[in-house]
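Keep the picture open while you read.

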Protein chains: 2
Amino acid sequence: MLRTAGLIIIGNEILSGKCQDQNSFFLAAELRLLGVSLMRISVIPDDLDEISNEARSFSGAYDLVFTTGGVGPTHDDITMEGIARGFGVQLVRHPLLEDKFRQRYGSEANEAVMKMAEVPEGSEVLEFSTNNFPLVIFKNIHIFPGIPRYLQEKFTLVRERFRASGFYLKRIYLRADESDIAAILNTVVARNSCVTFGSYPILNNPEYRIILTIESKIKDDVETAVEELLAELPEGILVRVQ
Amino acid sequence: MLRTAGLIIIGNEILSGKCQDQNSFFLAAELRLLGVSLMRISVIPDDLDEISNEARSFSGAYDLVFTTGGVGPTHDDITMEGIARGFGVQLVRHPLLEDKFRQRYGSEANEAVMKMAEVPEGSEVLEFSTNNFPLVIFKNIHIFPGIPRYLQEKFTLVRERFRASGFYLKRIYLRADESDIAAILNTVVARNSCVTFGSYPILNNPEYRIILTIESKIKDDVETAVEELLAELPEGILVRVQ
């Protein structure tokens, strides 16, 4: 069965071009390796209505949802509140998180710090032996931090929970322009509706100018499509199949 | 008046983690410099329904819409068709584009090539003296290629069309943790509702551990907020204001 995912990147700093989002690429590549189909990425501002609408609609549309950003102690960290609002539940202090923050901050655990212990009511909190901060999961929404190093550490600890059956992928490297092969490619695509094809022009590579990707969860379907393509492509343009 | 924008990144290759999207960061930074507020980025697959829904809803929601990707000759290049469907108009061959492609490809201008001359009916086509490919604009939707070099060349030629009044931004660099300053920051934020504040923890920098950003189109509002913050922050943590 196809397992689908949606990714919500929360942060004004991305939309205003102050920093480049690294988390989308990391998660897209990880999910692919795990056999999960990432269907959509939304980058939205630190805004309660935007977060609540997006969380609710993604949660219904996809098997797995991931959010990044907006989980610190400052005014612009409103991911938890946004998700709670989206589902009409309260924000509550989670006892395990409360303990963690009291241990970590001691007498400096002021209101701003303890805000980080608040989660949408009904959240699951996953603890790790090797990582200080638990992962908060509300329904199918996995709430990750925005700082790439923290996100990557945490994701690596839970990635196996998300594994589905893998994809089978072949790449055909060609010395040609897309316009030379588009008609043939379109014919083969039309005959192989269970397979996903991609065609990517490559600039400034002395060896090849197009990479075709042929992909499916069913290996035989990919092999058939590759054979059809190789039989029909013009002579002399094939660099390699991989 | 605030000028808003939405960005639609079209391409399975981004969602499947095969390549990292470079266009979002480039356009976010450019739009910021031009004084345009980027409100949302959506990354969606090469799918007609997704493209048509997103184009229609973005076109209504934002002053300016930009799409990237899906404009070549192959089966997965369906941005033009998706936009046409979203507005219930036909795809038509544009005479100027038809001429361009006939000149460029001569007798090799087959159906697949000529597909690149098709635009949603009613599109505007902007020609440049220094660039081979015109820019297609349908209503407020600016249709850019996905290959970063081509996109950047083309955007640079038209960027001045989008200029609005600029943002005024100050950054405060602090040697502190977010939890030390969150309560003070939240108070100042509450008093300065016309200003946008950001708080960004920085890892592994010997000099500072937080950057606060204070931003508005009105310079005086930013200066006031900065003064309030500097007056209330704990002593000894300020590194610099910039």
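H3(A) and H4(A) are oblique to each other, going by a scheme in which angles under 35 degrees count as roughly parallel, over 145 as roughly antiparallel, 65 to 115 as roughly perpendicular and the rest as oblique. Keep in mind that this is a predicted model, where local features need pLDDT of at least 70 and side-chain atom pairs count only at pLDDT 80 or more, while totals for chains, interfaces and linings use all residues. Residues are numbered from 1 along each chain as its sequence is written, chains are lettered from A and ligands numbered from 1 in the order in which they are written, and side-chain values use heavy atoms, with hydrogens and water left out.

**Helices H3 and H4 of chain A**

- Two packed helices are described by the angle between their axes and the distance between the axes.
- For helix H3 (residues 48-61) and helix H4 (residues 79-86) of chain A, the angle is about 55° and the axes are 7 Å apart.
- Those axes are lines fitted to C-alpha atoms, for helices over the stretch in contact, and the angles run from 0 to 180 degrees between N-to-C directions.
- Helices (H or I, at least four residues) and strands (E, at least two) are DSSP runs, numbered from the N terminus.

**Helices H2 and H7 of chain B**

- Over in chain B, the axes of helix H2 (residues 23-33) and helix H7 (residues 148-158) come within 10 Å and cross at roughly 15°.
- That makes H2(B) and H7(B) roughly parallel to each other, and their crossing is right-handed.
- H2(B) brings B:Asn23, B:Phe26, B:Leu27, B:Glu30 and B:Leu31 to the meeting, and H7(B) brings B:Pro148, B:Leu151, B:Gln152 and B:Phe155.
- The residues of this contact split into 6 nonpolar, 2 polar and 1 charged.
- Zoom in on B:Leu27, which sits in helix H2 of chain B: B:Leu27 is buried, with a relative accessible area of 0%.
- Buried means under 20% relative accessible area, exposed over 50%, and partly exposed in between (1.4 Å probe, protein chains only).
- Setting aside neighbours within four places in sequence, B:Leu27 is in contact with B:Leu7, B:Thr68, B:Leu151 and B:Phe155.

**Chain A as a whole**

- Chain A has 9 helices and 12 strands.
- Its radius of gyration is 22 Å, well over the 18 Å that the globule rule gives for 242 residues, so chain A is more spread out than a compact globule.
- That radius is taken over C-alpha atoms, and the globule rule is 2.2 Å times the number of residues to the power 0.38.
- Along its principal axes, the C-alpha trace of chain A spans about 75 × 35 × 35 Å.
- Of the 242 residues in chain A, 53% are buried.

- A:Thr67 lies in strand E3 (residues 64-68) of chain A and is buried at 2% relative accessible area.
- Among the contacts of A:Thr67 beyond four places in sequence are A:Thr79 and A:Ile83.
- B:Ile44 belongs to strand E2 (residues 36-44) of chain B and is buried at 0%.
- Among the residues that B:Ile44 touches, not counting those up to four places away in sequence, is A:Arg40.

**Positive phi in two loops**

- Most residues other than glycine have a negative phi, and most peptide bonds are trans.
- A:Lys139 has a positive phi, near 50°, in the loop between strand E7 (135-138) and strand E8 (141-144) of chain A, and counts as exposed at 56% relative accessibility.
- A:Asn204 has a positive phi, near 60°, in the loop between strand E10 (196-201) and strand E11 (210-216) of chain A, and counts as exposed at 70%.

Key. Contact = heavy atoms within 4.5 Å. Left-handed = near helix turned anticlockwise from the far one by under 90°. Nonpolar A, V, L, I, M, F, W, Y, C, P; charged D, E, K, R; others polar.
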